[in-house]
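Have the sequence and the 3D view ready as you read.

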Amino acid sequence: MIGVDAGSGDRLALGVLSQYRMATTEQMHRVIAPSVRIEQTRRRLARLRVEGLVDRITLPQAGRTRVWFPTSYGVQLSSEWPEMRGRRPSRTVSDPTAVRLKAGHTLTVTETALAFLDDARRHGDLFRPLDWIPEVHHPIGSGEAVIPDALLYYRRGPADGDDGAMLRAFVEVDRATMGPERLAAKLTAYERLYRYVPAVPGRRPTLQEPVLEEWRRRYPLFPRVLFVLDGTGPAGVENRINALRAGARLLVPSGFLHDVPVLVAPLADLMRHGPSALVWRPVHDPDQRVRWTGSARR
């Protein structure tokens, strides 16, 4: 887990914007300082803007919502901090035009992060703002990669009876902007990541140095995969879940779904009930309702 000095509000605000790419004023307030008045967050963002660390655009729709993003200077500065080391923000994260064009999806990803943050705060779980890491690059060979919308690190509270188990999850946020088949194809990509072993030129595996899957260099267990659906009504949600289920059936021989929980839920349910509620549906059996924090099947 990442340690952030909660008293350093400016530092946290810049770190969140650099990592999340963008957020509205209200989203920033809920992420960094939900216990104070929103006017304090507005003043903080305005001060960071005067210092050249962040900037904003105004969306013409949605009541002229202000969207904040880091400047190139802000990204450069925050990338030097220990808690941000190794993060690779998008090259266009500081471009106002790119921010405007990407706002719909990226703000929905930020809203998904907030659903987890609010839920963790209510239940006493450990999930800090910088434990939500967008767009982590995972190679799968042939120049291809799996880049989830977010990777989250989450520790359950001791009240769950397991002394606070550490959980990791890849999060895919779908706003119904791609066809159901393309959504289902993401399952195949994750299965490839699960079994991908990078080739090392001139080396062969030995008993002393067996070849390991690439993901084992980063994680003790393969993160569970969470699909969050938005941008469509109940019928569209069911259509997309059915597509994921069809994709899951193709992966049965590989054993991937036996080892890795793959769950799906509408964003509206996460916001209404919280991610820790019984709102998640396993893609291999979508008639069930489970908690994403439940024990894995291994």
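Predicted model: local features only at pLDDT ≥ 70, side-chain atom pairs only at ≥ 80, totals over all residues.

Residues are numbered from 1 along each chain as its sequence is written, and side-chain values use heavy atoms, leaving out hydrogens and water.

The axes of α2 (residues 25-32) and α5 come within 10 Å and cross at roughly 30°. That makes α2 roughly parallel to α5, given that angles under 35 degrees count as roughly parallel, over 145 as roughly antiparallel, 65 to 115 as roughly perpendicular and the rest as oblique. Axes here are lines fitted to C-alpha atoms, for helices over the stretch in contact, with angles running from 0 to 180 degrees between N-to-C directions. Helices are DSSP runs (H or I, at least four residues), as are strands (E, at least two), numbered from the N terminus. On the α2 side, Q27, R30 and V31 meet L107, T110, E111, L114, L117, D118 and R121 in α5, where contact means heavy atoms within 4.5 Å.

## Helix α1 against α2

For α1 (residues 9-20) and α2, the axes come within 11 Å and cross at roughly 120°. That makes α1 oblique to α2, and α1 passes α2 in a right-handed crossing. The residues L12, A13, V16, L17 and Y20 in α1 meet M28, V31 and I32 in α2.

## Nonpolar cores

A nonpolar core is a set of buried Ala, Val, Leu, Ile, Met, Phe, Trp, Tyr and Cys residues joined through side-chain atoms within 4.5 Å. Buried means under 20% relative accessible area, exposed over 50%, and partly exposed in between (1.4 Å probe, protein chains only). In the largest core, of 46 residues, W132, L152, W280 and W292 touch the most other members. Helix α5 (residues 96-123) gives this core its largest share, seven residues. Apart from it lies another core, of 29 residues, including L151, I241, L251 and F256.

Notes: Left-handed = near helix turned anticlockwise from the far one by under 90°.
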